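Please keep the model open while reading.

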Protein chains: 2
Amino acid sequence: MKKPTLPKGTRDFGPSQMAKRQYILEIIKKVFQKYGFQPLETPAMENLSTLTGKYGEEGDQLLFKILNSGDFLKNTNAQMLESKNSKGITFDISEKGLRYDLTVPFARYVVMNRNEITFPFKRYQIQPVWRADRPQKGRYREFYQCDADVVGTDSLLCEAEIVLMIGEVMRRLGIVDYSLKVNHRAILTGMAELCGVKGNEASFFVAIDKLDKIGEEKVKEELLARNFSESSLVTLFEMLNFSGTTQQKIEFLTSKFLTISGGKKGISDLKEVLTLLSEYGAPENHVEFDIGLARGLSYYTGCIFEVKINNVSIGSVSGGGRYDNLTGVFGLPDVSGVGFSFGVDRLYDAMEELNLFPLETQISSQVLLVHFDEESKRYGLKILKTLRENGIASEIYPDSVKIQKQLDYANKKMVPYTIVIGSEEMKSGILAFKNMNTGEQQKYTLNQIVSLIIQPNGR
Amino acid sequence: MKKPTLPKGTRDFGPSQMAKRQYILEIIKKVFQKYGFQPLETPAMENLSTLTGKYGEEGDQLLFKILNSGDFLKNTNAQMLESKNSKGITFDISEKGLRYDLTVPFARYVVMNRNEITFPFKRYQIQPVWRADRPQKGRYREFYQCDADVVGTDSLLCEAEIVLMIGEVMRRLGIVDYSLKVNHRAILTGMAELCGVKGNEASFFVAIDKLDKIGEEKVKEELLARNFSESSLVTLFEMLNFSGTTQQKIEFLTSKFLTISGGKKGISDLKEVLTLLSEYGAPENHVEFDIGLARGLSYYTGCIFEVKINNVSIGSVSGGGRYDNLTGVFGLPDVSGVGFSFGVDRLYDAMEELNLFPLETQISSQVLLVHFDEESKRYGLKILKTLRENGIASEIYPDSVKIQKQLDYANKKMVPYTIVIGSEEMKSGILAFKNMNTGEQQKYTLNQIVSLIIQPNGR
């Protein structure tokens, strides 16, 4: 018999990984809820008509498609079959696909439920998505996305709240050294106008976005190859290379944008967000104005965010921005909003690299009851009941096997305490309580043990 | 533009449903963890070689299959295509499918990770599964399963622990009127032997399993039609119709099984589980010995469970049993265990019918800050910060719109308190605190409000 395998690019999450993932997700959920965001879940499968045409041609090819049930070939075109035209028959044999992100299903939900939704609608959504990408290190075919969006308002308070939420999540996760980079679509447009490339922005921004990865020289080469003029590059890099605080950058660009109304609007939005943050009283907001941040520009129309953890191998763990047309593709215009997403896998990897997971995440049971025989096992049942009634996660080894085997089980499962029950313990009611980390063993009554576990430092 | 729709048999879970679902799942997870169970998640997609042949021929047809990426027709058989033989080319154009349950992926996980797993392995798994079933009321193509299993031990303590876990989940959910029906595969086999139908058990049990649904007469008709003798039916219904307590049923069957060794073993297992429960001190264990319970018999080899909530339309919310061969299909023999599953959708429906969801599940934010203008909104930001620092989920309406619109938002979102900020409040620091349920409004300092929300009854 062939050993079973996992499909390429997919993963199991065993107990230890799950505990760490749940630790991250619980913190994120609690913060989202504290800020008034409500949960949404959509089905894994969507109609292909909902999914296709939303992610570009490349995206369409990365959709996992579900084969229709039953006699799926029945109504296909015989000629297409004969010529083995895979592309030509795809939509005849497949009506549904797996969701590719959480944004399109969210947009579909908003359109379908627009009359019941209370706007402004603050929703969060934490679910896996699937992409038929070539798997490689850190890139999977199934991975979780974790989105929060506010739709139905233009208020810049939402941008400020996103900064606050990201800050609270990072603080609770113990991540201190990170940057929350912000830019604004209108600032990028203003820069393009200043450079005299107003009608040809897209490839201009694509090149800028690569600055981090390929460096100034290569970006310049690429722009020249795309027929941008030397003088436009001089203007561009004067701005990109301006170094200073966020405040100094704002002043610098304000002076540049005197006659550029779009750019002015971008700057004033950014200033407003910073003012709201300071009025809220968020001293450490980690915000850095990054003129070169140019992500998601086919989609974002206002502020743009990206969160990078410093000094780890994969730093970018969150991103987002404001859009003015979430649901236009589904026939409902003018639904604007702002949202962002945490990359759970990347947060996980960064937390591992920084050694930030508390040891406690790995503890499932607090106590294992260890016994010598059937009689002491039965005696242990009453102890187990008392422990659990006091909210203490605990178990008894199910079989009467050698003590060492039971202790091994406790060690492998990282159970911090064991109670060994033998004939003496049954007679006296005084139990042998062992700290598995220190190896220290002492005799206590059950009540004393309960207190010790609930308040380990005697507080 | 066509309005978007959901695929047949799938659902969105909006904020209100999500809150209720999370309420149920959180309780289940907490109980599982308290009993030492650890979480596992497996990918939505499995290789079809892992899935097919595990659920019978009907099950294979209900698998959702994923169309291979790229030029999927390239290596298909031209003749099969020409004759439009859907079945014949299915496995040529599809290598992966969506998981159909959580048991097969669990078995695959155990086989692939047998050297790292700590046995006995207590795992729980809460994930959606997909079946291309004909959708109907209460039957969906995507639904959550919620499984807990212990593998790698024969100890009947695990059966007792399952009874305890079910009991604790039901108690915490507020469900009091339910029965936990148990039977044992060997008792059924013993009954078959007594009835003289030893070699022909399968269709015998299938008929018994329908007793609840179609009644005694129809079951008798069906058995006669299948050539079971009149006398075997007399013996069978003498046992099925025996009424009495669990204790009385055990005594009755003990006297019947004097020479039937299989039946004896079943009775002694059952007695042992009941003894363990009583030694643990579980007085209200809701256990009812049901001689007619005959579910999952192609799979279960020991105790069988089913939980039914009384006086609701769909009563069966949980089931499970012991099996002696979880992983044999993947080439790893002798992995035995016992497990059970909660039907989340059914629990949800029963809870709705019994009106058991606490109102608090519907509350997302505790407080909405309501303001008259930009100035009072900005003043509100500091208040918001204090509320959140005290762990109070709260929000401020993002736009400066009419007060009534802001209060409507609070009402629709079931926010229980509002704080209205006007010029007077900004001057004095004394805030108008409104209970949205009673309509009562009083003036308090922010500190007083924080105390009132944290300790609503003044405790």
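This is a predicted model: local features need pLDDT of at least 70, side-chain atom pairs count only at pLDDT 80 or more; totals for chains, interfaces and linings use all residues.

## Terms and conventions

Residues are numbered from 1 along each chain as its sequence is written, chains are lettered from A and ligands numbered from 1 in the order in which they are written, and side-chain values use heavy atoms, with hydrogens and water left out.

## Largest cavity

A cavity is a set of points, on a 1 Å grid over the protein atoms alone, where a 1.4 Å probe fits but cannot get out; lining residues have an atom within 4 Å of a point. Grid points are joined across faces, edges and corners, and a volume is the space filled by probe spheres set on the points. The whole structure holds four cavities of 30 Å³ or more. The largest has about 780 Å³ of space. It is lined by 46 residues, and those closest to its centre are Glu41(A), Tyr144(A), Glu41(B), Ile126(B) and Tyr144(B).

The lining splits into 24 nonpolar, eight polar and 14 charged residues. Helices (H or I, at least four residues) and strands (E, at least two) are DSSP runs, numbered from the N terminus. In chain A, helix 1 (15–34), strand 5 (121–130) and strand 6 (142–151) each give at least two lining residues.

## Interface of chains A and B

Chain B brings 107 residues to the contact, and chain A brings 107; contact means heavy atoms within 4.5 Å. The buried area is about 9200 Å², with 59% from carbon and sulfur atoms. Buried area is the accessible area (1.4 Å probe) that two parts lose on being put together, summed over both. Lys84(B), Tyr280(B) and Arg388(B) supply 8% of what chain B buries against chain A, more than any other three residues.

Polar contacts link 48 residue pairs across the interface, both residues at pLDDT 80 or more. Such a contact is a pair of N or O atoms within 3.5 Å; within protein, one must be able to donate a hydrogen and the other to accept it, and residues adjacent in sequence count only if both atoms are side-chain atoms. Helix 15 (residues 374–389) of chain B gives the most to its side, with eight residues. That side has 47 nonpolar, 29 polar and 31 charged residues.

## Salt bridges

A salt bridge puts a side-chain nitrogen of Lys or Arg within 4 Å of a carboxyl oxygen of Asp or Glu. Over all chains the count is 63. Between chain B and chain A it is ten. Asp12(A) and Arg108(B) form a salt bridge at 2.9 Å, N to O. Asp12(A) sits in the segment before helix 1 of chain A, and Arg108(B) in helix 6 of chain B.

## Backbone details

A cis peptide bond joins Phe119(A) to Pro120(A), with omega about -10°. Pro120(A) lies in the loop between helix 6 (103–112) and strand 5 of chain A. The bond from Phe119(B) to Pro120(B) is cis, with omega near -10°.

Notes. Ala, Val, Leu, Ile, Met, Phe, Trp, Tyr, Cys and Pro count as nonpolar, Asp, Glu, Lys and Arg as charged, and the others, Gly among them, as polar. On a 1 Å grid over the protein atoms alone, a cavity is a set of points where a 1.4 Å probe fits but cannot get out, and a pocket is an open set with protein on both sides within 12 Å along at least five of seven lines; lining residues have an atom within 4 Å of a point.
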